[in-house]
Amino acid sequence: MAMPQNSTRENGFCFTQTLDFSHPSPRPGDAGRTFSAVSRLDACDTPVSNGITSPAVPSPSDSCAEPLCSTTPGEEETRFEEGIKYVSAEGEELACGWGGFTPGCLQLCNTSKGVLFFLCVASFLQGMTVNGFINTVITSIERRFDLRSYQSGLIASSYDIAACVCLTFVSYFGGNGHKPRWLGWGVLVMGLGSLLFALPHFTTGQYEARSAAEVGVCGGNQSLPCSQAASSLSGYRFVFMLGQFLHGMGATPLYTLGVTYLDENVKTNYSPVYIAVFYTAAILGPAAGYLVGGMFLNIYTEIGREIGISPENTLWVGAWWIGFLGAGAASLLISIPILGYPQRLPGSQRYIVMRVSEAHQIKDGSHKKASDPDFGKTVKDLPRSVLLLLKNPTFIFLCLAGATEATLIAGMSTFGPKFLESQFSLSASEAATFFGYLVVPAGGGGTFLGGFLVNKFKLRCSGIIKLCLLCTVTSLLAILIFFIHCPNMPMAGVTQMYDGSALPGGHLNLTAACNAKCGCLQDTYSPVCGSDDIMYYSPCHAGCRKVSEKLRNGKKVYRECSCVNRTLLPGPGNAEAGKCTSSCAKKPLLLCFMFVVILFTFLSSIPALTATLRCVSDRQRSFALGIQWIVVRTLGGIPGPIAFGSMIDKSCLLWQDQCGEQGSCYVYQNSAMSRYTLIAGLVYKVLGTTFFIVACLLYKPPPPESAPGSSDASENGNGDLQEHKPSLPAEEDI
């Protein structure tokens with residue numbers, strides 16, 4: 001039987017088809033429908049507009065109506081009906097496997113859902129490692145390896161620097177190459193980065209911490225000489241930076257090529273849902289990183305070694321390295337199946353050829369250059385490809401809007417736990433856990449809901465941009481909640497005088513008559529909550545002379561504190577390790593509106609990404625995502641935490657004193673923190689709203705289809721023709 005021979009045209013799909021209808025002798029009544037033995041239909045001679053074939057031929061959708069379900073070695077074929085097959089002219093192998101090893105059991109995973117599962121695991125591991133573990137353990141790493149804050153900031157920034165360096169190369173060449181291989185090798189490099197990040201724990205000596213029970217009490221306060229503050233361990237920051245650099249290199253294909261690979265292998269109207277599930281896994285990763293990383297920090301870094309200090313002690317270093325070992329090993333394992341996927345999945349050709357183009361129409365018609373099958377295969381086309389994107393105003397303003405949203409997301413993820421810690425008087429671990437519980441439903445739910453809404457209402461590109469605008473305006477209104485704040489818990493010498501009066505001029509005064517003879521030093525910040533519900537800088541500053549051997553609610557209890565007044569009985573009171581519990585009445589309202597801000601910020605992420613994919617030509621989608629990520633990271637991801645951090649630092653009341661140098665902030669003024677957070681949020685939300693409005697106004701869609709029957713496909717936004725019935729003769733005769 002003759003097989004359809006195809007010549008590859010635009011979108012890599014083969015249009016020229018030879019159909020052979022072989023059947024037994026015609027039955028009575030079929031004479032009027034008898035076809036010749038060989039009927040040649042050349043679809044390439046039929047006008048094609050926006051991926052929809054014109055009905056000038058008898059059955060325009062016949063060759064694309066059924067999935068590609070059978071493969072033979074060295075060729076791809078699909079059986080539309082019995083006796084009709086499709087063969088790729090390029091002889092692509094679409095089986096799942098590694099080289100010649102393609103066992104049948106693996107083909108069960110050779111579907112869009114199988115790809116989605118493995119990519120979700122990879123994005124979950126990336127989010128858990130980079131945005132979860134790193135943020136959780138950075139304080140422990142600073143303490144263990146004697147790092148300054150700016151050095152740890154360089155470690156965190158190495159990820160974005162690597163991504164910016166690699167994005168252009170990966171998105172341009174990977175977008176026109178074998179995407180699963182780029183993805184698989186990227187996940188493998190990411191795993192190596194995690195293992196390298198954990199390496200310093202095994203190449204350094206044991207961590208020695210002072211375990212004297214009396215450290216910090218009145219008369220027993222101790223401090224390391226300044227000359228011993230610095231050590232050779234700080235050189236390990238370069239190892240951490242290299243590990244983060246590998247993280248950035250490995251994750252680069254994941255959010256550019258991974259998105260386009262999913263988009264190419266599913267229905268157009270299902271694509272937002274698949275991408276939303278993919279990004280939801282990436283959002284849940286950091287939440288898991290906060291929770292799991294916090295759990296590991298309760299384990300001493302030298303596992304199995306007995307130590308006389310508890311996790312509440314400022315000298316405690318948790319097992320920060322366990323998470324990176326586990327994530328690294330998991331990444332290496334998950335890269336193996338991803339490397340086995342074919343360049344495109346069986347059945348994907350019909351989605352590509354029937355996709356309705358929504359690319360922005362450039363006045364000079366230069367957008368048509370991207371339709372050339374050879375466009376983008378060499379580095380010579382790189383400048384022209386960049387120029388085409390720069391001529392697309394919708395794409396440009398979507399990138400700028402994404403940068404503003406990324407600034408807020410980066411700022412919230414970095415300083416969200418710190419905001420909760422200050423406003424509600426929580427410990428660092430409690431705030432991280434609390435924030436994790438807040439991000440899971442708000443961030444993960446918003447990400448998935450955004451893709452679901454695009455699919456549910458079958459939105460076109462202009463409608464998607466309007467949805468993004470609605471989400472941005474809603475979150476802009478919700479951010480006004482930062483006009484209110486929780487009052488600071490009273491702290492002796494910081495927010496008020498030891499006798500309860502206001503501090504003159506707002507200056508610190510940690511010394512009073514009750515602790516003047518204690519010789520307290522300001523080196524170690526270890527807050528305690530007195531029985532009078534006032535916080536003190538340390539047990540020494542509270543005038544405490546003894547430590548109880550019995551714990552109360554798992555916390556140390558300090559006795560005979562001369563600065564703490566008993567509520568009923570005269571004499572010195574007691575103090576408990578940790579901060580005083582806040583009873584802020586505005587706490588539920590703040591949390592509720594913070595949930596709304598996070599929800600609608602993430603709800604617009606998938607629609608914005610979908611609009612980006614649709615407003616550019618098909619052959620430029622991977623490269624467009626790469627350019628967008630560069631803009632988002634350069635203008636949003638990298639400066640975002642710096643902008644938020646610098647504004648929040650202005651609200652600091654109590655700075656750490658490191659041998660005369662200013663360190664990190666211990667206590668913030670809650671009213672100022674809310675005010676500066678409000679200012680930063682309003683500025684970026686107003687900018688984002690403006691960019692979405694301009695993108696919507698400047699978007700110029702392709703002209704409507706004039707071919708009969710094409711309006712339905714355009715209206716639904718899907719390119720699947722399964723509902724179109726073939727106009728062939730009696731099916732039982734074929």
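Contact here means heavy atoms within 4.5 Å. The model is a predicted one.

**Exercise 1.** Describe how helix 5 packs against helix 6, and state which residues meet.

*Solution.* Step 1: locate the elements. Helix 5 covers residues 257–264 and helix 6 covers residues 271–296.
Step 1: The crossing of helix 5 past helix 6 is right-handed.
Step 2: list the contacts. From helix 5, Val-259, Leu-262 and Asp-263 meet Ser-271, Tyr-274, Ile-275, Phe-278 and Tyr-279 of helix 6.
Step 3: sort these residues by class. The contact of helix 5 with helix 6 has 6 nonpolar, 1 polar and 1 charged residues.

**Exercise 2.** Carry out the analysis for helix 3 and helix 5.

*Solution.* Step 1: helix 3 spans residues 179–203 and packs with helix 5 at an angle of about 145°, with the axes 10 Å apart.
Step 1: the handedness of this crossing is left-handed.
Step 2: Lys-179, Pro-180, Trp-182 and Leu-183 of helix 3 meet Leu-257, Gly-258, Thr-260, Tyr-261 and Glu-264 of helix 5.
Step 3: by class, the contact of helix 3 with helix 5 comprises 5 nonpolar, 2 polar and 2 charged residues.

**Exercise 3.** Determine which residues have the most contacts inside the largest nonpolar core, and where its members come from.

*Solution.* Step 1: the largest nonpolar core has 88 residues, and Phe-278, Tyr-279 and Trp-320 have the most contacts inside it.
Step 1: helix 1 (residues 112–144) gives the most to this core, namely 13 residues.
Step 2: at least three residues of the core come from each of domain 1 (94–218 + 234–346) and domain 2 (381–486 + 585–701).
Step 3: examine Tyr-279. Leaving aside neighbours within four places in sequence, Tyr-279 is in contact with Tyr-255, Val-259, Thr-447, Ile-606, Leu-609 and Trp-629.
Step 4: note that another core, of 36 residues, lies apart from the largest one; Met-412, Ala-442, Val-597 and Ala-680 are among its residues.

**Exercise 4.** Is Thr-610 buried or exposed, and which residues does Thr-610 touch?

*Solution.* Step 1: Thr-610 lies in helix 14, which runs over residues 605–614.
Step 1: apply the cut-off. A residue counts as buried under 20% relative accessible area. Thr-610 has a relative accessible area of 3%, and is therefore buried.
Step 2: not counting residues up to four places away in sequence, Thr-610 touches Pro-272, Val-454 and Ile-464.

Terms used: Residues are numbered from 1 along each chain as its sequence is written. This is a predicted model: local features need pLDDT of at least 70, side-chain atom pairs count only at pLDDT 80 or more; totals for chains, interfaces and linings use all residues. Side-chain values use heavy atoms; hydrogens and water are left out. Axes are lines fitted to C-alpha atoms, for helices over the stretch in contact, and angles run from 0 to 180 degrees between N-to-C directions. Helices (H or I, at least four residues) and strands (E, at least two) are DSSP runs, numbered from the N terminus. A crossing is left-handed if the near helix is turned anticlockwise from the far one by less than a right angle, and right-handed if clockwise. Ala, Val, Leu, Ile, Met, Phe, Trp, Tyr, Cys and Pro count as nonpolar, Asp, Glu, Lys and Arg as charged, and the others, Gly among them, as polar. Buried means under 20% relative accessible area, exposed over 50%, partly exposed in between (1.4 Å probe, protein chains only). A nonpolar core is a set of buried Ala, Val, Leu, Ile, Met, Phe, Trp, Tyr and Cys residues joined through side-chain atoms within 4.5 Å. Domain bounds come from an automatic or database domain assignment.
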